[in-house]
Amino acid sequence: MRTRFLSQTKNLLQTNIDALDEGAALLALLKPEHYTQGFKPAFHSTIGAHFRHVLEHYRCFIKQLNDDSICYDSRERDQLLECDFDYANRTISELKVSLVELESRDLDRVCQISDQQASLPVATTIYRELLFLQSHTMHHYAIIGAMTRSFGAQPADDFGVAIATREHQKSCSEPVIGDSPTCAQ
């Protein structure tokens, strides 16, 4: 049982590393000015703001992990991440290294998660928080993908698509470009 858990944990770590790689690949498609371009009225933020938000969640997780208490509300809100394209790329690389180093830790250990709204911390595991980070990242990547496509750049077709959706689409008939995939009844 423990071997299976360790295998799943390794896969989850790799999934998060892969998600960061997807972000880096998207940044490679952009010009630095796209990173800070506003998208009003459709979006009240920038691609850089979404990347900052995602990367700061990973930073929070990694920095607070040793205390066995995580609060994603206690982010740095590092404005440089939001406006400096190269700094965001370097941060992605640093986060990937930190995630690789987690493999030697006991990822099923219990820790606490809290936020500014709950009066008491809640028990969680590092494994559960990795699930959250991956899902949270895909949610923001979906928004970033829409922003990116609005000025003509073409991220990967599955950029910002949840893993469960990717797997579901594999089980469906091949979609025609522009059509939604449909499964046989």
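The largest nonpolar core has 41 residues. Such a core is a set of buried Ala, Val, Leu, Ile, Met, Phe, Trp, Tyr and Cys residues joined through side-chain atoms within 4.5 Å, where buried means under 20% relative accessible area with a 1.4 Å probe, protein chains only. Leu27, Ile47, Phe51, Tyr58, Phe61, Leu99 and Leu130 have the most contacts inside this core. At least two of its residues come from each of α1, α3, α5, β4 (110-113) and α6 (126-150). Helices (H or I, at least four residues) and strands (E, at least two) are DSSP runs, numbered from the N terminus.

The model is predicted; local features need pLDDT of at least 70, side-chain atom pairs count only at pLDDT 80 or more, and totals for chains, interfaces and linings use all residues. Residues are numbered from 1 along each chain as its sequence is written, and side-chain values use heavy atoms, without hydrogens and water.

Ile47 is in contact (heavy atoms within 4.5 Å) with Leu30, His34, Tyr35, Gln37, Phe39, Ile144, Met147, Thr148 and Phe151, leaving aside neighbours within four places in sequence.

Helix α3 (residues 47-64) and helix α5 (residues 85-102) have axes that come within 10 Å and cross at roughly 30°. Axes are lines fitted to C-alpha atoms over the stretch in contact, and angles run from 0 to 180 degrees between N-to-C directions. The two helices are therefore roughly parallel to each other (an angle under 35 degrees). Residues meeting across this pair include Phe51 and Tyr58 in α3 and Leu95 and Leu99 in α5. By class, the contact has 11 nonpolar, two polar and one charged residues. Nonpolar here covers Ala, Val, Leu, Ile, Met, Phe, Trp, Tyr, Cys and Pro; charged covers Asp, Glu, Lys and Arg; the others, Gly among them, are polar.

How values were computed. Angles under 35 degrees count as roughly parallel, over 145 as roughly antiparallel, 65 to 115 as roughly perpendicular and the rest as oblique. Buried means under 20% relative accessible area, exposed over 50%, partly exposed in between (1.4 Å probe, protein chains only).
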